[in-house]
Amino acid sequence: MTPGTTMPAERDRDGCSPVERAATPSQCATLSIVIPAYNEEETIEALVRKVQAVELDGLQKEIIIVDDRSTDGTRERLRQFGSAIRVICHPRNLGKGAAVRSGFQAATGDILIIQDADLEYDPQDYRRVIEPIRRGEADVVMGSRFLLQRPQFFRRNGQPFFSHFIGNAVIIWLTNFLYGFRATDYEGCYKAFSRQVILETPVKASGFEFDNELICKLLRRKRRIAEVPIHYHPRLYREGKKIRWQHGLTMIWTILKWRVMPF
Ligand SMILES: Nc1nc2c(ncn2[C@@H]2O[C@H](COP(=O)(O)OP(=O)(O)O)[C@@H](O)[C@H]2O)c(=O)[nH]1
Ligand SMILES: [Mg+2]
């Protein structure tokens, strides 16, 4: 069940019936963009505008924002968009993963993608990220921050981005080693999924480790996972970044746990 209340939006599906949708996926398919947001009043407006500006060759966009009980002006900033976006309001703060789960449950699209409520990523990369799914070549696509740029950004302005570098390296190595895969990044925000793999894969985690549990389960089920390069402009803690090294420990535990736990 989706916690909180939903404000439904008007949706334009080109009037396609389910049969037509199956016959002409490039014209009638929908991309659901799920945006977990917690205290992001500084960036949420600009982010929504950037998402709205993306053109996807005939693909419809469904923008779903899950406000995870923000205590700043995030919710108020969303009002101006009216029915152009869907807003799900959590009754209390439940965590990033719980917000993504609520968004996935509300999504009606054929392809689902996760988008943070900050400006660390570029929505113009959607096209590239969803392409392998549109072409029927993958069930899941992960955006990798390390295929386009070197990780020098981890030292920006003396912030502890070196710890992110180490944390990322451990998570990449451990996941690849335990699950027999060769990805270059598991913590990039952009992950796109066919609707089917989300429906068949329940995720228990509610924090930042949500993605790790989902990907580990999909790796165990041998779903087709592709990786594409994406752009990344990390923000600083004083700009609102929330992920900390402690979250990395929970992720490592999650990766270990789902290697052996039945599901
Ligand atoms: N920390 C945190 N972030 C949340 C929560 N609910 C939703 N989010 C959103 O999750 C996203 C990730 O945050 P960020 O600090 O940029 O982490 P990173 O991008 O994974 O390094 C942002 O869009 C947050 O607003 C929550 O309960 N806690
Ligand atoms: Mg972020």
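In the predicted model, the axes of helix 9 and helix 10 (residues 245-260) approach to within 9 Å and cross at roughly 25°. Because angles under 35 degrees count as roughly parallel, helix 9 is described as roughly parallel to helix 10, and the crossing of the two helices is right-handed. The contact is formed by Asn212, Glu213, Cys216 and Lys217 on the side of helix 9, which meet Met251, Thr254, Ile255 and Trp258 of helix 10. Sorted by class, the residues at this contact of helix 9 with helix 10 comprise four nonpolar, two polar and two charged residues. An α-helix has 3.6 residues a turn, so residues three or four places apart point the same way.

Helix 9 is itself mostly covered, with nine of its eleven residues buried. The buried residues of helix 9 are Phe210, Asp211, Asn212, Glu213, Leu214, Ile215, Cys216, Leu218 and Leu219. Among these buried residues are Asn212, Glu213 and Cys216, each of which also takes part in the contact with helix 10.

Helix 5 (residues 96-106) is likewise mostly covered, nine of its eleven residues being buried. The buried residues in question are Lys96, Gly97, Ala98, Ala99, Val100, Arg101, Ser102, Gly103 and Phe104. The elements against which the buried residues of helix 5 pack include strands, namely strand 2 (30-37), strand 3 (60-67), strand 4 (86-89) and strand 5 (111-114), together with helix 8 (195-199) and helix 9 (210-220).

Two residues of the model were examined for their backbone angles. Most residues other than glycine have a negative phi, and most peptide bonds are trans. Lys222, which follows just after helix 9, has a phi near 60°, a positive value in a residue other than glycine. Lys222 is found in the loop between helix 9 and strand 8 (225-229), and this residue counts as exposed because 10 other C-beta atoms lie within 10 Å, where the cut-off for an exposed residue is 12 or fewer.

A positive phi, near 45°, is also found at Asp57, again a residue other than glycine. Asp57 lies in the loop between helix 3 (44-52) and strand 3, and the residue is exposed, with 9 other C-beta atoms within 10 Å. Asp57 and Arg127 are separated by 70 residues in sequence, whereas their C-alpha atoms are 8.7 Å apart in space.

For the chain as a whole, the secondary structure comes to ten helices and eight strands, and 41% of the 263 residues count as buried. Among contacts in the chain with a separation of 6 or more, 78% are accounted for by residues 24 or more positions apart.

Methods:
Residues are numbered from 1 along each chain as its sequence is written. Chains are lettered from A and ligands numbered from 1 in the order in which they are written. This is a predicted model: local features need pLDDT of at least 70, side-chain atom pairs count only at pLDDT 80 or more; totals for chains, interfaces and linings use all residues. A residue is buried if 20 or more other C-beta atoms lie within 10 Å of its own, exposed if 12 or fewer, and partly exposed in between; C-beta atoms are placed from the backbone. Helices (H or I, at least four residues) and strands (E, at least two) are DSSP runs, numbered from the N terminus. Two residues are in contact if their C-beta atoms, placed from the backbone, lie within 7 Å. Axes are lines fitted to C-alpha atoms, for helices over the stretch in contact, and angles run from 0 to 180 degrees between N-to-C directions. Angles under 35 degrees count as roughly parallel, over 145 as roughly antiparallel, 65 to 115 as roughly perpendicular and the rest as oblique. A crossing is left-handed if the near helix is turned anticlockwise from the far one by less than a right angle, and right-handed if clockwise. Ala, Val, Leu, Ile, Met, Phe, Trp, Tyr, Cys and Pro count as nonpolar, Asp, Glu, Lys and Arg as charged, and the others, Gly among them, as polar.
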